[in-house]
Amino acid sequence: MARSPRSIEVFPITTRTLDVLRVTDVTPGMRRVTLGGPELAAHTAANGFPVAAFRSEGFDDEFKIVLKHPDAPVAVGPTQADGLLNWPRDDPHMLIRTYTVRRWDPVAGELDVDFVRHGAGPATSWAYRVRPGERVRIAGPKSSSAPPEGADWTLVAGDETALPAIGRWLEEWPAGVRGQVFVEVERPEHRQDLPVPAGVTLTWLSRDGAEPGTTTLLFDAVRNAPWWEGTVFAWVAGETLGLTPIRRWLRNEKGLAKEQVEVTGYWRRRQAVVPGDDTAPPGSGAGEDGAERFHGLTEIVPAFAVRVAATIGLAAAFDGRPRTAAELASATATDPAGLTRLLRFLASVGMTEQLDDGRHRLTDLGRELENEYLADALHLDGVHAQRELGGVLSLLSAVRTGRGDHARWFGAEHDRRVADDPVLLAARTESEAEDAVYVAGAVAAAAVFSDLSTVAVSGTASGSFAAALVAAHPGLRATIVAAPSQIDALRRIHPAHERVAHEAGGPLGPLPVTAEAVLLADVLHTLADSDAVHVLRQAAAGLGPGGRVLVFGDVLDVEVADEHDYEDDLIDFALHGGGARDQDAHHALFAAAGLRLVERTTIGWGYTLHTLTQRG
């Protein structure tokens, strides 16, 4: 499996209130606000939850600033929970913006944030009126990504909203790495005095007063840049819609693999604000009456039509320009009559529009399909959509009888169907490995592994967890326990390691090895209660004296859970009879399996590691 060349480290998700220490103008177009205060250090929140110390190690680390809504007496934001945040639900006064850490000095206890002076967004307005001594709440960062490794040179491009990240990157640029950097600003006087490391070229592009997001300066500069020999990593950020041609050119014309290109939209021109447009939480429903919201909840066809568009590659068929229905049908290898009807429907919901000359084009909304990651997730032949589709079709039976009827629709239960399909199995294995990047390192860093010499790993992304464990603990040997087909898939994406072995087995069967500990990685949510208890007992039975069962997974917290958490819960119940469980439900499973909870470690992102031993 191709992995991102940027390693990631995950932090507990935190929120804290900071003091404004200084306000300075870097250029006529950029204001810097320096934050500090005692809450940068580790402390306990007013509600009793621990808040980890502020961390930022990556040049493009992001965090959220909580701003006061004009119609609210105070700023409305999250409160600290156990390793994650409790965001207010359905509050129209929550106003947040996402920004980059321009500078973090842990010794001085100072955090710099740069604000672009364009548009009239609430964050820009706040930055240009705030004074030292005022306070502001922030949330995050929740992770840091390192500079790319393994590339012969780096291509960097961004507008002024990406300048804070680019400036920090240049200041922390790894020695010996070649690079070409292009920065677009409004006027020449908005250039900043930045270091230019050896082997790096820095080119400033001026719009000469043109509105941001209205020129092709950045695309033209990237397209005309000298293309050096060797492997390149491209990092591009700025106005979302203007970046699409750059991404398409890098991927299609230059043939760069997905993992070689990181394109991030920081803002959208039609909204005329700076990075971040997450004013309202998902599902806020502000401005909708009950009947309209109910109607939206009952709509099925739009969701499927958009997924069909993603599956046939409609966005790529447009190739950035208006096309006739016949041209699109040819490019997507679809039936002209069927595609014409799909286009008519997509136009009715604002995804496409028909021009006066009869050609069609994507709207700003429809151009979301140009995002490769989003299109992959929506692809109806992909493992994510197949899971959703199977869960939805099985849901009625699951609610009526307690057991889904996936086999009725697809001829086999979901897990068996995936295991028997090499394409789906490979896709699921790769997806699980990619997701595990955010948590495997944090799990491996848990103190419980420090005195172990052998561990068996079973469950989701077992290869990623095993790799993280042996990397963190030089004396540890890990054995992955999985079905033979799963082992084959894991071996294809994880390089062999002398301290990682594989044994055929499954969570419902006896453990085929004896180990000091068994790590069940994100397993229980796919099991009904009786099966979960059985798996816990089987894991304990395979332990040596004093052994431990380690259960890693999501613990449902009804105080912070949202519609997406409950959506996953419904699908898991329909497919497996399992689903999300709160802490009490986990404790009940442990007790039924004859296990005693020794320690509970919060990993972050809503995940918990339970350390269990057999009752004496």
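This is a predicted model: local features need pLDDT of at least 70, side-chain atom pairs count only at pLDDT 80 or more; totals for chains, interfaces and linings use all residues.

Residues are numbered from 1 along each chain as its sequence is written, and side-chain values use heavy atoms, with hydrogens and water left out.

Q: Why is Ser145 called buried?
A: Buried means under 20% relative accessible area, exposed over 50%, and partly exposed in between (1.4 Å probe, protein chains only). Ser145 has 19% relative accessibility and therefore counts as buried.

Q: Which residues is Ser145 in contact with, leaving aside its neighbours within four places in sequence?
A: Contact means heavy atoms within 4.5 Å. With those neighbours set aside, the partners of Ser145 are Arg6, Ser7, Ile8, Gly58, Phe59, Asp60 and Asp61.

Q: Why does Asp319 count as partly exposed?
A: Its relative accessibility is 33%, so Asp319 counts as partly exposed.

Q: Why does Asp522 count as buried?
A: The relative accessibility of Asp522 is 17%, so Asp522 counts as buried.

Q: What is noted about phi of Asp319 and of Asp522?
A: Phi of Asp319 is near 55°, a positive value in a residue other than glycine. Phi of Asp522 is likewise near 55° and positive. Most residues other than glycine have a negative phi.

Q: What kind of peptide bond joins Gly140 and Pro141?
A: The bond is cis, with omega about -5°. Most peptide bonds are trans.
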